[in-house]
Amino acid sequence: MLFAKLNDLSIGGKGAYGIAASAVERKADLPTYLRITDIFDDGTLNLSELKSVDAPNSDKYILKPNDIVFARTGGSTGRNYFYDGSDGVFVYAGFLIKFSIDPEKVNPKYVKYYCRSKQYNDWVQSFNTGSTRGNINAQTFGNMEIPLPERKQQDYLVSILEPIDEKIKNNKQVNDNLAA
């Protein structure tokens, strides 16, 4: 099987750090601020705790479909979120690193699912040594090698996993409604 570095599968060829700004209470006239704490381990969002950001240059940090962001430090190192545009408009925070996946080079959702795999989690854990807290910078994430089957195989894997994700999302919504 072939492998490709995340940088090579990304538009611009490298990761970008998010905006260094403080979160403010959520307001309709301000963009939503995506922070590490808003991302669950399974790559979904904690929609109940979202905040906004009020910074003059925040528009430079708005996620676009096929972007994936990675937590770069602490106990959440490696946690990631794939943005498809369906969760609203987000400005990503400074402790996140964004890669814009190029759909001409790879099925972007294949990268999303790879970054939820045991192989990916083992790679992240290899940076947690001894008593030190994990820390992976943009260069290291960019050099991460991703197994790259043929595009037809990528599309097939996504076609199997995506409906399962949708079913989990729907079940979670039903459970949340029942709990309320």
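Accessible areas here come from the Shrake-Rupley method with a 1.4 Å probe, and for residues only the protein chains shown count as cover. On that basis, the accessible surface of the protein comes to about 10200 Å², of which 51% belongs to carbon and sulfur atoms. This is a predicted model, in which local features need pLDDT of at least 70 and side-chain atom pairs count only at pLDDT 80 or more, while totals for chains, interfaces and linings use all residues. Residues are numbered from 1 along each chain as its sequence is written, and side-chain values use heavy atoms, with hydrogens and water left out.

**Overall build**

- The protein has four helices and 10 strands; helices (H or I, at least four residues) and strands (E, at least two) are DSSP runs, numbered from the N terminus.
- Read along the sequence, the pattern is β-β-β-β-β-β-β-β-β-α-α-α-β-α.
- The C-alpha trace spans about 45 × 35 × 35 Å along its principal axes.
- The radius of gyration is 16 Å, which agrees with the value near 16 Å for a compact globule of 180 residues; this radius is taken over C-alpha atoms, and the globule rule is 2.2 Å times the number of residues to the power 0.38.
- Of the 180 residues, 43% count as buried, where buried means under 20% relative accessible area, exposed over 50%, and partly exposed in between (1.4 Å probe, protein chains only).
- Among contacts (heavy atoms within 4.5 Å) between residues at least 6 apart in sequence, 74% join residues at least 24 apart.
- The mean positions of the 22 positive and 22 negative charges are 3 Å apart. Lys and Arg count as positive and Asp and Glu as negative, with His and the chain ends not counted; each charge is placed at NZ of Lys, CZ of Arg, CG of Asp or CD of Glu.

**Nonpolar cores**

- In soluble globular proteins, nonpolar side chains tend to be buried together.
- A nonpolar core is a set of buried Ala, Val, Leu, Ile, Met, Phe, Trp, Tyr and Cys residues joined through side-chain atoms within 4.5 Å.
- The largest such core has 25 residues, and Phe-70, Tyr-120 and Met-144 have the most contacts inside it.
- Two or more residues of this core come from each of strand 6 (67–71), strand 9 (96–100), helix 1 (108–114), helix 2 (118–125), helix 3 (138–142) and strand 10 (145–148).
- Helix 1 gives the largest share of this core, four residues.
- A second, separate core holds 20 residues, including Leu-34, Ile-36, Leu-50 and Ala-93.

**Buried residues in loops**

- Ser-10 lies in the loop between strand 1 (2–5) and strand 2 (16–17), and with a relative accessible area of 2% this serine is buried.
- Leaving aside neighbours within four places in sequence, Ser-10 is in contact with Phe-99, Ser-100, Ile-101, Asp-102 and Lys-105.
- Ala-55 sits in the loop between strand 5 and strand 6 and is buried, with a relative accessible area of 15%.
- Ala-55 touches Ile-19 and Ala-21, not counting residues up to four places away in sequence.
- Ala-55 and Leu-178 are 123 residues apart in sequence, and their C-alpha atoms are 38 Å apart in space.

**Exposed and partly exposed residues**

- Ala-28, in the loop between strand 3 (23–24) and strand 4 (32–34), is exposed, with a relative accessible area of 88%.
- Ala-28 and Ser-52 are 24 residues apart in sequence and 8.6 Å apart in space, C-alpha to C-alpha.
- Lys-118 belongs to helix 2 and is exposed, with a relative accessible area of 61%.
- Asn-66, in the loop between strand 5 (51–53) and strand 6, is partly exposed, with a relative accessible area of 23%.
- Phi of Asn-66 is near 80°, a positive value in a residue other than glycine. Most residues other than glycine have a negative phi.
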